[in-house]
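Subject: Structure handover

Hello,

Here is the structure you asked to look at. My notes follow below it.

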Amino acid sequence: MRGISASAIAVEALRNATGLRVSTQLPQPKDRPDEFIIVSRIGGGSDDWATKNPRFLVECYALSEADAERVADGAWEAWQALRTPPVHYATVDNNLTRYENPDLKHHRFQFTAGLQLRR
């Protein structure tokens, strides 16, 4: 895991699990797909000498509120099943919610989650 950020691990794992565009930054308006996910590190640290437990905000976007909720439900389910090196364990919080988005074209649902990463 040395040299790879926890955010990069989360982005790649969720992209592989969902097949959607996943990044740590909001895509430019001209490059925004209809559905996409943004993963932002919001905390977490080391559990012990062998693992660390970063926390993330997972924002799921789509062109309709119903589609944004569907994308978020899928991302929530995919996240809790993540088990790929170096992901030892994944957790999701029971806080999936709609969150107003200043971008009038896309709707957003979001949740918080964590990963336990082997060092």
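How many bridges join S3 to strand S6, and do they run parallel or antiparallel? There are 10 bridges between S3 and S6 (residues 107-118), and the two strands run antiparallel. Please keep in mind that this is a predicted model.

Strand S3 and its partners

S3 covers residues 51-62. Of its 12 residues, 9 are buried, so the strand is largely enclosed by the rest of the structure. S3 also pairs with strand S2 (residues 36-46), again through 10 bridges and in antiparallel fashion.

Thr51 is part of S3, and Arg118 in S6 stands opposite Thr51. Thr51 counts as buried because its relative accessible area is 10%, and the cut-off for buried is under 20%. Leaving out neighbours within four places in sequence, the contacts of Thr51 are Ser46, Gln116, Leu117, Arg118 and Arg119.

On the S6 side, Gln110 is buried as well, with a relative accessible area of 13%. Not counting residues up to four places away in sequence, Gln110 touches several residues, including Leu57, Val58 and Glu59. Asn95, Leu96, Thr97 and Tyr99 are also among the residues that Gln110 touches.

Salt bridges

Side chains of opposite charge can pair when their charged atoms come close. The whole structure has 7 salt bridges.

Asp93 pairs with Arg55, with 2.4 Å between the closest N and O atoms. Asp93 sits in the loop between strand S4 (87-92) and strand S5 (97-98), while Arg55 belongs to strand S3, so this pair ties together parts that are 38 residues apart in sequence. Asp93 is partly exposed at 23% relative accessibility, and Arg55 is partly exposed at 22%.

A salt bridge also links the side chains of Glu59 and Arg108, at 2.8 Å from N to O. Glu59 is in strand S3 and Arg108 in strand S6, so the pair ties together parts that are 49 residues apart in sequence. Glu59 is buried, with 10% relative accessibility, and Arg108 is buried with 9%.

Glu100 and Arg98 form another salt bridge, their closest N and O atoms being 2.3 Å apart. Here Glu100 is exposed at 57% and Arg98 partly exposed at 41%. Salt bridges with shared partners also join Glu35, Asp67 and Arg70 into one network.

Regards

Note on methods:
Residues numbered from 1 in each chain as written. Predicted model: local features only at pLDDT ≥ 70, side-chain atom pairs only at ≥ 80, totals over all residues. Heavy atoms only, no water. Helix = DSSP H or I, 4+ residues; strand = E, 2+ residues; numbered from the N terminus. Buried < 20%, exposed > 50% of the residue type's maximum accessible area, 1.4 Å probe, protein only. Contact = heavy atoms within 4.5 Å. Pairing = 2+ DSSP bridges. Salt bridge = Lys/Arg side-chain N within 4 Å of Asp/Glu carboxyl O.
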